[in-house]
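Biologist: I would like to learn how to read a structure one feature at a time. Could we begin with a single residue and work outwards?

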Amino acid sequence: MTHQNPSFEAFAHQYVLVDGHRIHCATAGTGTPVLLIPGWPQTWYTWRHVMAALAQAGYMAIAVDPPGTGDSDRPASGYDTGAIAATLHQLMTQLGHARYQVVGHDIGMWVAYALASDFPAAVSRLALTEAVIPGLAPAPTIFAPPQENIFLWHFMFNQLHDLPETLIAGREKAYLTFMFDKWSHRRDRVAAEVYIDAYAAPGGLRGGFAYYRAIPETIRQNTLRAKRMLEMPTLAIGAEHATRDAPLITMRENARDLRGAIIADCGHFVTEECHEAFLEHLLPFLSRQG
């Protein structure tokens, strides 16, 4: 598969009202629906290569801007993963999909897990990549070594109220460029400017930080979710230069039918940096009959 960069116009765009709030999604292809949930600090656009491949393989790819991000509305509350999962399930229902497959990256992995746990009759397959899940994985120490802290420090900072916006407003490019530089391995493949523009828009910082500020509630919910294992086939993918086997370890006690993979020579932003290798794992998983 060659490295291409599908444009915004290559996809169909929809805006769906869910509980009075506008949710943006981009779609490609026809066939079995696959919901694609991005993480922070990205938008639906991180899935562009995956969407093109899914459409070519006979799927309907639906990449969403979760509430608070991208071109979706930024409500004042409701950013715990249970609330976001319910919103995305309602989105899929309104689009006419009672049963679908789900793929989540980073914070999108948190939401995808909640969606599969809370709506197991709707989610037929679940693919998760490049995160650990609050309430399932042990909390890291504040004395983590520097090579680990580079992936951890923002969890505490982003949860603070008001201070992050005060320090970053007008400096979104410097703040987010640091993330893209430090977390990626193939930096040239990451569409950083697209995401910087999105989070520099009015309410963009607040919407992104809201997911971190909701972590205590998400942990409370996941403590309950962990009492029942997921039954649908689940795939957990890490990257060599980021989470490695942490996604798989996180899900070992939480998914009954689990497989995992680590993508070599890749950083955190796997859907862009190494979409070819990512798809080599994702497409066979989504097409399995058993």
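Modeller: Start with Thr81, which lies in helix α2. Keep in mind throughout that this is a predicted model.

Biologist: Is Thr81 buried or exposed?

Modeller: The general idea is to compare the relative accessible area with a cut-off: buried means under 20%. Thr81 has a relative accessible area of 2%, so Thr81 is buried.

Biologist: Which residues is Thr81 in contact with, leaving aside its neighbours within four places in sequence?

Modeller: Thr81 is in contact with Trp110, Val111 and Ala114, and also with Thr218, Gln221, Asn222 and Arg225. Of these, Trp110, Val111 and Ala114 are among the buried residues of α3.

Biologist: How many residues of α3 are buried?

Modeller: The count is 11 of 12, and α3 is mostly covered. The buried set runs from Ile107 and Gly108 on to Ala116 and Ser117, and includes Met109 and Tyr113. As a general point, an α-helix has 3.6 residues a turn, so residues three or four places apart point the same way.

Biologist: What should the 12 residues of α3 span?

Modeller: At 1.5 Å a residue they should span 16 Å; the end C-alpha atoms of α3 are 17 Å apart, which agrees.

Biologist: Which strands do helices α2 and α3 lie across?

Modeller: Helix α2 (residues 81-94) lies across β1, β2, β3, β4 and β5, and runs at about 115° to β1. Helix α3 (residues 107-118) lies across β3, β5 and β6, at about 150° to β5.

Biologist: What is the order of the strands in the sheet?

Modeller: The sheet is open, with 8 strands in the order β1-β2-β4-β3-β5-β6-β7-β8 and mixed pairing. Its edge strands are β1 (12-18) and β8 (258-263), each of which pairs on one side only. Direction ignored, neighbouring strands are turned by 20° against each other on average.

Biologist: Where does Thr30 lie, and is Thr30 buried or exposed?

Modeller: Thr30 lies in the loop between β2 and β3. Its relative accessibility is 60%, so Thr30 counts as exposed. Not counting residues up to four places away in sequence, Thr30 touches Gly58, Tyr59 and Met60.

Biologist: How many aromatic pairs does the structure hold?

Modeller: There are 18 aromatic pairs. One of them is Trp40 with Phe209, a tilted pair at 6.3 Å centre to centre and 45° between the planes. This pair links distant parts of the chain, 169 residues apart: Trp40 is in the loop between β3 and α1, and Phe209 is in helix α9. Both Trp40 and Phe209 are buried.

Biologist: Which residue lies over the face of Phe285?

Modeller: That is Arg125, at 5.3 Å from the ring centre of Phe285.

Technical notes: Residues are numbered from 1 along each chain as its sequence is written. This is a predicted model: local features need pLDDT of at least 70, side-chain atom pairs count only at pLDDT 80 or more; totals for chains, interfaces and linings use all residues. Side-chain values use heavy atoms; hydrogens and water are left out. Rings of Phe, Tyr and Trp (its six-membered ring) pair if their centres lie within 6.5 Å; planes under 30 degrees apart count as stacked, over 60 as edge-to-face and the rest as tilted. Helices (H or I, at least four residues) and strands (E, at least two) are DSSP runs, numbered from the N terminus. Buried means under 20% relative accessible area, exposed over 50%, partly exposed in between (1.4 Å probe, protein chains only). A charge sits over a ring if NZ of Lys or CZ of Arg is within 6 Å of the ring centre and within 35 degrees of the ring normal. Two strands pair if DSSP finds at least two bridges between them. Axes are lines fitted to C-alpha atoms, for helices over the stretch in contact, and angles run from 0 to 180 degrees between N-to-C directions. Contact means heavy atoms within 4.5 Å. The expected span of a helix is 1.5 Å times one less than its number of residues.
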